[in-house]
Amino acid sequence: METVTNWIQLWRDLVEARYQHGAPQIEDEVVNDRWQERARRYHRKVELRWQKPDIIREFLIDHLKETPDATLLDIGAGTGAWACVLAPYVRTLTALDPSASMLGVLKEN
């Protein structure tokens, strides 16, 4: 039987370990999220930049079209630019980011 990795739990464990090793503890993830005021602005900049052709994006899409059963793990997904573009070409996509604000924009997209 194949074991399935719980990537979301693994990401949480890594973030918690970071705080245990000297990073400031965050009481309220959303209130103290440094991206709270900037996530949407960041996403708009990415959208503008991605209006231009991109050889890496094209390469990945072409490759994923040939492997429709692929799974993709997007660590540090931010607002989900890569996840949203590549999701139609994979069987499963997992997007992780420590910022609740970035994930909020990703979910909207």
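**Confidence.** I looked up pLDDT (the predictor's confidence in each residue, from 0 to 100) and found an average of 84 for the protein, with 85% of the residues scoring at least 70. This is a predicted model, in which local features need pLDDT of at least 70 and side-chain atom pairs count only at pLDDT 80 or more, while totals for chains, interfaces and linings use all residues. Residues are numbered from 1 along each chain as its sequence is written, and side-chain values use heavy atoms, with hydrogens and water left out.

Over residues 23-31 pLDDT stays under 50. Where pLDDT is low, the predicted coordinates should not be read in detail.

**His43.** I then turned to His43, which lies in helix H2 (residues 39-49) and is buried at a relative accessible area of 11% (buried means under 20%, with a 1.4 Å probe and protein chains only). Leaving aside neighbours within four places in sequence, I found His43 in contact (heavy atoms within 4.5 Å) with Thr79, Val105 and Asn109. With Thr79 there is also a side-chain to side-chain polar contact of 2.9 Å; such a contact is a pair of N or O atoms within 3.5 Å, where within protein one must be able to donate a hydrogen and the other to accept it, and residues adjacent in sequence count only if both atoms are side-chain atoms.

Conventions:
Helix = DSSP H or I, 4+ residues; strand = E, 2+ residues; numbered from the N terminus. Buried < 20%, exposed > 50% of the residue type's maximum accessible area, 1.4 Å probe, protein only.
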